[in-house]
Amino acid sequence: MERPGLNRRQLIAGLGGLAVAGSFGFAALGTGADALASGADTRVRYWNLFSGGDGYNMIAMLDSFRAEHPGIEVKDSTLQWGNPYYTKLAMAAAGSRAPELGVMHLGRVPGFSPGRLLDPWDTDLLAEFGVREADFNPDLWQRAVVDGRLYALPLDIHVQLCFYRKDVLDRAGLLGADGRMVPVTSAEEWFDVLKEAKGATGKGLQTIGLWHNDQNFQWWFFVAFYTQLGGTWFDDANTRVTFDTERATQVLQFLRRHVTDGYANPVYGGGAGAEQFVNGAPFVWEGNWSVPVFDAAQAEYGAVPLPPVFGRPATHAESHAFVLPHRSGRGGATNEAAHRLAAHIVRHAGQWAAGGHIPAHTPTLSTAAYRALEPQNEYVSTMDHQATEPKVWFAGSTGILAQRVGPIVVSSTTGSARPDAAARRMRSELATLLASRNPMDGLTAAEGGAAA
């Protein structure tokens, strides 16, 4: 399908008006005239959104690359996480100011107008640098393919997990002979576990923190359990909503029960779950990025995928992935260096795993060093049981889908809406989004996303 051109002014207008440009500092994007570091022949400008522990791990990996490739200068810039980052990256790609390499959540790729704001990867060049399709989970790799071409190179998957305190579960008789949490295979078994754990929990602590008032976490949890039930979103052509309100109601009732049965205290805000976990609460549902936090707190804990309460293992997963923001005339030494840098980091992701993320490069998962990581070795199986958002332009981390539907899930979990009514509202919102046009290219999911 031939698509009309998109200039910077049109894109800014589509994203919410010309005022956006000033608010994100586009004057600071640079013109590509920066001098190379002394002794370097080639420069790669690399934009990412990694802060905190992730930022430290990424810097260590970049320093390793620099040491091995002194002829390549890597100029890395860490920008604000979330929509500010994506808006700035879009403006750069539309205005011929894009860096040679960037990072993106994989779920956001279909909405980034692949072929217009993103350039495809040269898979032969990646193979030359040791990265091949066979080294990735097939489902993960295919999520990065649009119209038959690879537009993202997965670095990891990051997942929602059930963290548990071993000391509390030991008192409650909920640890197996291997010192890990007893397996759960149904909703009733899960609530039996919560009941036993509550009896062994200290005063003033809730049984589980599940971010009951946070739209992103509640949406992620919903995606996991709805996937366990085999729920679908749209037909293959993205022209019809197939969202099952009965299955959705079942999930919403399950989430709500944590509050009504007294296991999640509605008085506490979302962040209190992690804090209480450190202080001795038996459970918290959190992203794997909390592993360094709980390690630093010296908590005696483990982490498993979200419980398969509806029979089918599935836990919410997103992926950090490398992308090539569109550059006119992309090619030559800088493009080759961008491929080399991305391939190096993907192949040497052992450092990245320390932050709790699961490396996408499957040979890394079989190394002795990775198998020795705890609790990472407890939840590595989630690579084969990923629950992901639908592959449409409005999905992905901090995307429009979570912004529109996440608050509806929260309303059900916290009790301001009945689960069945919330499920119907979710379906209605999905229908509205399916008919909406992507501000990046003016196309609906059916017009621009069928091949994706």
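Colleagues, what we have here is a predicted model, in which local features need pLDDT of at least 70, side-chain atom pairs count only at pLDDT 80 or more, and totals for chains, interfaces and linings use all residues. Residues are numbered from 1 along each chain as its sequence is written, and side-chain values use heavy atoms, with hydrogens and water left out.

I begin with the whole protein. Its secondary structure comes to 20 helices and 15 strands, taken as DSSP runs numbered from the N terminus (helices H or I, at least four residues; strands E, at least two). Of the 452 residues, 56% are buried; buried means under 20% relative accessible area, exposed over 50%, and partly exposed in between, with a 1.4 Å probe and protein chains only.

Now to Glu389, in the loop between strand 15 (386–387) and helix 18 (400–413).

Which side chain does the side chain of Glu389 join in a polar contact of 3.1 Å? It is that of Trp219. The term denotes a pair of N or O atoms within 3.5 Å; within protein, one must be able to donate a hydrogen and the other to accept it, and residues adjacent in sequence count only if both atoms are side-chain atoms. The Glu389 side chain also reaches the backbone nitrogen of Gly396 at 3.0 Å.

On a 1 Å grid over the protein atoms alone, a cavity is a set of points where a 1.4 Å probe fits but cannot get out, and lining residues have an atom within 4 Å of a point. Grid points are joined across faces, edges and corners, and a volume is the space filled by probe spheres set on the points. The structure has two cavities of 30 Å³ or more.

Finally, Gln253 sits in helix 10 (residues 245–260) and is partly exposed, because its relative accessible area is 47%. Gln253 and Thr413 are 160 residues apart in sequence and 7.8 Å apart in space, C-alpha to C-alpha.

How values were computed:
On a 1 Å grid over the protein atoms alone, a cavity is a set of points where a 1.4 Å probe fits but cannot get out, and a pocket is an open set with protein on both sides within 12 Å along at least five of seven lines; lining residues have an atom within 4 Å of a point.
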